[in-house]
Amino acid sequence: MKWGLFLSVLFSSVVCSALSLKQQAVAEAKFEGLEKATATDAQVPGMLTLKDPRPEIITRSWKYSAALSLQNFQPEGFATKEGSGTFDLGQNGTTVMPGLELGVLSPAFATKQILWKVGLRAKGHLASQETSVTLNSGFEINDARLNTTLFSGGPVLNVSWDRLRWLSLNVSPQIGSLSYTQTSSNDFATFSKTGSFNAMTYGFDFLIGSKWSVFTEWTQRSLKDSSEIALQKDNFELGTKVTW
């Protein structure tokens with residue numbers, strides 16, 4: 001009788017332990033399922049999903065441009081050469097100076113209705129003029145030619161209004177170099193003078209197609225570290241630009 005009672009109690013304990021282990025396993029499985037569920041896993045119709053915009057901004061393509069321009073240019077200052085005398089560069093008069101510009105511009109960053117773009121650009125200009133030279137001895141040379149080159153570069157800020165995207169304002173501080181080089185078959189009429197300058201450029205771009213635009217620019221230049229040659233301070237420029 002005692003052994004029967006003991007076996008019954010032992011059997012009941014084993015059954016209860018098994019049921020307890022089963023319930024514990026089921027509870028743990030439910031807990032793990034709840035623990036792995038996250039808000040990003042939920043797919044609810046009509047729910048707004050927030051994305052980080054930085055990868056799209058970084059990988060968005062930048063714009064590249066090439067431009068041709070024309071401006072009136074007046075050589076200024078003097079160039080002295082030992083044995084030949086002093087040449088007055090201003091006597092050459094005004095000439096048309098063509099230019100080439102290459103640039104890169106970032107995607108637009110919007111603040112309310114204003115679009116901002118930043119970039120870099122480099123410009124080069126060249127002009128060539130025939131000139132006559134009279135030496136100190138009175139000898140006149142008629143085959144001389146004065147060549148003027150300007151190179152500059154710097155950052156550019158492009159600003160436009162969202163409702164007038166065909167019109168934009170450009171502001172560009174620049175540093176550059178100036179070179180006056182006179183050539184001739186007579187060595188007494190040849191010289192080369194260089195200098196550096198700072199410049200500030202303001203202009204407008206007028207979009208006339210998906211890639212083409214025309215522009216106007218006004219440039220203020222200031223020549224540095226030169227006691228002889230000079231640089232025209234104000235220049236007005238017209239040009240056309242392609243952007244891709």
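Biologist: Which residue stands opposite S65 in β4?
Modeller: G103 stands opposite S65. Strands here are DSSP runs of E, at least two residues, numbered from the N terminus. This is a predicted model: local features need pLDDT of at least 70, side-chain atom pairs count only at pLDDT 80 or more, and totals for chains, interfaces and linings use all residues. Residues are numbered from 1 along each chain as its sequence is written, and side-chain values use heavy atoms, leaving out hydrogens and water.

Biologist: How many bridges join β1 to β4?
Modeller: 11, and the two strands run antiparallel. Two strands pair if DSSP finds at least two bridges between them.

Biologist: And β1 with β12, parallel or antiparallel?
Modeller: Antiparallel, over 7 bridges. There, L70 of the pair has L238 in β12 as its bridge partner.

Biologist: New topic. Which elements give two or more residues to the largest nonpolar core?
Modeller: That core has 20 residues, and L89, V133 and L150 are among those with the most contacts inside it. β6, β7, β8 and β9 each give two or more. β7 has the largest share, 4 residues. A nonpolar core is a set of buried (under 20% relative accessible area, 1.4 Å probe, protein chains only) Ala, Val, Leu, Ile, Met, Phe, Trp, Tyr and Cys residues joined through side-chain atoms within 4.5 Å.

Biologist: Which strand gives the most to the lining of the largest pocket?
Modeller: β8, with 5 residues. A pocket is an open set of points on a 1 Å grid over the protein atoms alone, where a 1.4 Å probe fits, with protein on both sides within 12 Å along at least five of seven lines; lining residues have an atom within 4 Å of a point.

Biologist: Which residues lie nearest its centre?
Modeller: K63, L105, K117, N158 and T243.

Technical notes:
Buried means under 20% relative accessible area, exposed over 50%, partly exposed in between (1.4 Å probe, protein chains only).
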